[in-house]
Amino acid sequence: MKDRETKIQVQEVDVPAIEIKDVVKVYKLYDRARDRVKESLGLGRKQAHKLHYALNGVSMNIYRGETVGIIGTNGSGKSTILKIITGVLNPTAGETHVAGRISALLELGAGFNMEYNGIENVYLNGTMMGFTDREIDAKLPEILEFADIGDYVNQPVKTYSSGMFVRLAFAVAINIEPEILIVDEALSVGDVFFQAKCYHKFEEFKKMGKTIVFVSHDLSIISKYCDRVFLLNKGNLLGEGSPKEMIDAYKRVLVGQYEIPAGHGGTAEEPEGQAGAPETLRSAGVNPDAQEYGTKQAEIVDYYVTDERGVRSMAILKGAVFTLHMRVRFHDHVPAPIFALSIKNVLGIEITGTNTMIEKAYLESGEPGQVKDIAFTQKMTLQGGEYLLSLGVTGYNGDTFEVYHRLYDVMDVTVVSDKDTVGYYDMESRVTVTDAPAEAGSG
């Protein structure tokens with residue numbers, strides 16, 4: 001009997017909540033708005049559009065009770081697949097089957113009337129999801145308690161901050177007892193305490209056997225909460241597997257070194273590699289709008305990050321050793337150049353940094369035509385999240401401080417972590433808990 005019960009439970013777990021079969025989504029792209037009009041009227045002889053495959057033959061099975069993440073670079077098709085699952089978009093080809101009540105938190109404000117106040121929008125959304133006013137009445141206290149936006153609930157939502165907006169939207173989404181919860185990056189707008197509350201709710205949902213599907217650029221969250229991960233790139237499914245396996249594959253995608261693994265479906269073309277490409281500023285994670293200035297007597301001509309294996313990557317595991325590489329070409333005589341690195345968070349707060357003068361690593365002069373490779377190697381102790389790197393070459397010409405070349409916020413690096421402490425960095429504490437000695441006279 002016990003074996004029979006076990007078999008039944010296993011079969012239940014293997015029941016798909018979402019089935020996606022060979023889904024294709026194609027958009028027509030026009031260079032000019034008038035080309036669209038001409039083509040629709042049949043006025044032009046030539047085809048005026050180009051076809052863009054947002055999704056190209058993607059198949060996925062997501063099972064009941066799973067928490068599944070979908071990752072990939074911008075434009076890979078992540079949000080498109082969620083919109084097709086929820087019925088917001090129709091596929092050009094292929095099939096999608098969903099078994100269970102879906103609650104979706106996609107684009108901020110979707111389904112909200114900006115002129116209505118918070119409570120009116122709760123009833124509006126509840127009605128759209130098939131609830132009666134009486135059922136919404138019963139859920140309203142729990143929704144308002146979770147949203148925790150106070151008297152603003154009686155104000156038009158057009159007056160809300162983005163944080164208040166997402167609090168209310170998420171509170172509605174998770175308190176309507178969905179069987180499947182779909183979330184697309186929305187939690188990135190809330191404050192850290194609200195995010196913690198939401199992820200605690202995710203854990204509750206997992207224990208209740210709910211199915212959760214979410215898209216996030218925060219690889220730390222993907223690593224911590226997901227049972228399985230799908231990796232998309234340019235509309236193609238590159239693979240599926242454990243969070244660790246797919247995050248590692250995603251890191252290779254970022255630098256064009258990904259090979260489609262054997263046994264994984266997908267019709268993606270293998271990206272062109274960048275390994276060994278000399279003096280290129282066109283690597284993944286580079287900010288095209290980075291600020292730069294300086295005399296250019298010494299110039300930073302290349303930069304990149306490698307992980308603990310020496311592989312170029314813009315995603316670093318917390319606790320791992322990584323290296324920032326910088327190549328500098330000298331166009332003039334530069335006495336005692338100083339090579340510098342600094343790291344900021346996305347709020348612009350400078351977290352840490354160092355340079356070769358502080359480290360007493362290089363005290364020679366640079367001469368015209370010389371090229372120097374500088375490597376800063378260190379252990380990653382920052383919390384999981386996104387960080388911006390700035391680079392510089394400066395120095396003293398006599399008593400005058402000179403800036404030869406500075407690049408501000410030139411690269412984006414993701415720290416992947418499944419354990420974040422409080423603050424900016426991890427103190428790497430070792431914690432022990434033991435029984436205290438009995439107090440004198442006790443017993």
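Here is a short tour of some strands, rings and one loop in this predicted model.

Residues are numbered from 1 along each chain as its sequence is written. Because the model is predicted, local features need pLDDT of at least 70, side-chain atom pairs count only at pLDDT 80 or more, and totals for chains, interfaces and linings use all residues, while side-chain values use heavy atoms, with hydrogens and water left out.

**Strands**

Let's start with an open sheet of 3 strands, in the order 11-13-16 with antiparallel pairing. Strands here are DSSP runs of E with at least two residues, and helices are runs of H or I with at least four, numbered from the N terminus; two strands pair if DSSP finds at least two bridges between them. Strand 11 (298–306) and strand 16 (371–379) are the edges, each with a single partner strand, so one side of each has no neighbour in the sheet. From one strand to the next, the twist averages 20°, taken between lines fitted to C-alpha atoms, with angles from 0 to 180 degrees between N-to-C directions. Between strand 11 and strand 13 (residues 321–330) there are 8 bridges, and Tyr 304 has His 325 in strand 13 as its bridge partner.

Strand 18 (residues 400–416) is worth a look too, as it pairs with strand 10 (residues 291–293), strand 12 (residues 315–317) and strand 17 (residues 385–397).

| Pairing | Sense | Bridges |
|---|---|---|
| strand 10 and strand 18 | antiparallel | 3 bridges |
| strand 12 and strand 18 | parallel | 3 bridges |
| strand 17 and strand 18 | antiparallel | 12 bridges |

To find these on screen, look for Tyr 293 with Arg 406, Ile 316 with Val 415, and Tyr 387 opposite Val 413. Strands 17 and 18 make a hairpin with 2 residues between them, and Gly 398 in that turn has a positive phi of about 70°.

**Rings**

How many aromatic pairs does the structure hold? There are 9, counting rings of Phe, Tyr and Trp (its six-membered ring) with centres within 6.5 Å; planes under 30 degrees apart are stacked, over 60 edge-to-face, and the rest tilted. Phe 330 and Phe 339 pair edge-to-face, at 6.5 Å centre to centre and 70° between the planes. Phe 146 belongs to one aromatic cluster with Phe 170, Phe 202, Phe 214 and Tyr 225.

Phe 146 also has the charged end of Lys 197 over its ring, 5.0 Å from the centre; this needs NZ of Lys or CZ of Arg within 6 Å of the ring centre and within 35 degrees of the ring normal. Likewise, the charged end of Arg 312 sits over the ring of Tyr 304, 3.7 Å from its centre.

**A loop glycine**

Gly 87 lies in the loop between helix 3 (78–86) and strand 4 (93–98). Gly 87 counts as exposed because its relative accessibility is 51% (exposed is over 50%, buried under 20%, partly exposed in between, with a 1.4 Å probe and protein chains only).
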